[in-house]
Amino acid sequence: IEKAKKIDWETFWKNYSKLIYKHFTVNFNLPKAEKYSTRKEVPLYILDINITDAYGNIIYPAGYTFNPLDYIKLPYTFVFFDGEDEDEVKYVIERFGKANNVYFFVTKGNILTLREQFKKESVYPVNNLILDRFKIKKTVSVVVQENNYLKIEEIPVKEVKEALKKAKKF
């Protein structure tokens with residue numbers, strides 16, 4: 001107790017807050033989509049171990065390749081965006097902010113700040129595994145399942161913003 005009384009708690013919490021804030025910041029410098037595009041990706045998975053039954057018989061050998069989307073349905077939309085780009089953040093909030101079935105992945109920025117801005121907990125930091133599995137190359141990217149493949153839209157937010165400005169002039 002005496003030791004705790006000697007601690008400058010205000011300084012401790014300031015430093016701790018900075019550490020937490022830094023821990024929730026990501027910095028993947030993905031390029032911006034410059035033109036609208038859509039593509040299909042089949043998310044093949046290759047087993048790295050043998051799958052055996054209770055008796056040790058191999059059911060699926062290491063190296064077996066399959067498409068998980070042949071067996072499951074993803075009920076979510078996945079949106080990848082740069083959280084430090086105001087136009088991208090505004091676009092993503094306006095287009096997807098009210099939906100409940102969306103997972104937001106931040107490629108750059110602070111997750112805690114963006115969760116407050118979105119008023120949602122479903123804002124997550126991206127990592128290399130997620131970028132690779134979803135084949136994300138640019139922001140803003142929107143991923144949905146169609147049949148047994150992933151449909152990936154790359155949306156040039158700057159173009160969308162300019163088009164909206166022109167539309168408002170009429």
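Reader: Where does Phe24 lie, and is Phe24 buried, exposed or partly exposed?

Author: The term rests on relative accessible area, and a residue counts as buried under 20%, as exposed over 50%, and as partly exposed in between. In this predicted model, Phe24 has a relative accessible area of 27%, so Phe24 is partly exposed. Phe24 is placed in the loop between α2 (9–23) and β1.

Reader: Which residues does Phe24 touch, once residues up to four places away in sequence are not counted?

Author: Phe24 touches Gly109, Asn110, Ile111 and Leu112 when residues up to four places away in sequence are left out. A separation in sequence and a separation in space can also be read side by side for Phe24 and Pro125, which are 101 residues apart in sequence and 7.4 Å apart in space, C-alpha to C-alpha.

Reader: What share of the contacts in the protein chain, between residues at least 6 apart in sequence, join residues at least 24 apart?

Author: Among those contacts, the share that joins residues at least 24 apart is 61%. As a background for this, the protein chain has 6 helices and 11 strands, and of its 170 residues 33% count as buried. The accessible surface of the protein chain comes to about 11800 Å², and carbon and sulfur atoms account for 56% of that surface.

Reader: Ile111, one of the residues that Phe24 touches, belongs to helix α4. Which residues of helix α4 are buried, and where do they sit around the axis?

Author: In helix α4 (residues 111–118), the residues Ile111, Leu114, Arg115 and Phe118 are buried. These residues cover an arc of only 105 degrees around the axis, which puts them on the same side of α4. The cover over the buried residues of α4 includes β1 (25–27), β7, α3, β8 (102–110) and β9 (123–125).

Reader: Which residues of helix α3 are buried, and what lies at the start of α3?

Author: Helix α3 (residues 86–96) has Asp87, Glu88, Val89, Tyr91, Val92 and Phe96 as its buried residues. At the start of α3, a side-chain oxygen of Asp85 comes to within 3.0 Å of the backbone nitrogen of Asp87.

Reader: Where is Thr77 placed, and which residues does Thr77 touch?

Author: Thr77 has its place in strand β7, and Thr77 is buried, with a relative accessible area of 13%. Not counting residues up to four places away in sequence, Thr77 touches Phe96, Asn101, Val102, Tyr103, Val142, Val143 and Val144.

Reader: How many aromatic pairs does a search of the whole structure find?

Author: The search finds 15 aromatic pairs. One of these is formed by Tyr45 and Phe66, which is edge-to-face, at 5.7 Å centre to centre and with 65 degrees between the planes. Tyr45 lies in strand β3 (residues 45–46) and Phe66 in strand β6 (residues 65–66), so this pair ties together parts that are 21 residues apart in sequence. Tyr45 is partly exposed at a relative accessible area of 30%, and Phe66 also counts as partly exposed, at 21% relative accessibility.

Reader: How are the rings of Phe80 and Phe134 placed, and are Phe80 and Phe134 buried or exposed?

Author: Their ring centres are 5.7 Å apart and their planes stand at 55 degrees, so the pair is tilted. Phe80 lies in strand β7 (residues 77–82) and Phe134 in helix α5 (residues 128–134), so the pair ties together parts that are 54 residues apart in sequence. Phe80 is buried, with a relative accessible area of 0%, and Phe134 is buried, with a relative accessible area of 14%. Ring pairs also link Phe80 and Phe134 into a cluster with Tyr76, Phe78, Tyr103, Phe105 and Tyr124.

Reader: Which side chain makes a polar contact with the side chain of Glu154?

Author: The side chain of Arg39 makes that polar contact, at 2.9 Å. Glu154 lies in strand β11 (residues 149–154) and counts as buried at 7% relative accessibility.

Definitions and conventions: Residues numbered from 1 in each chain as written. Predicted model: local features only at pLDDT ≥ 70, side-chain atom pairs only at ≥ 80, totals over all residues. Heavy atoms only, no water. Phe/Tyr/Trp six-rings, centres within 6.5 Å; stacked < 30°, edge-to-face > 60°. Helix = DSSP H or I, 4+ residues; strand = E, 2+ residues; numbered from the N terminus. Buried < 20%, exposed > 50% of the residue type's maximum accessible area, 1.4 Å probe, protein only. Polar contact = N/O pair within 3.5 Å; in protein donor to acceptor, adjacent residues only side chain to side chain. Contact = heavy atoms within 4.5 Å. Areas by Shrake-Rupley, 256 points an atom, 1.4 Å probe, with all protein chains shown as cover. Arc of directions from axis to C-beta.
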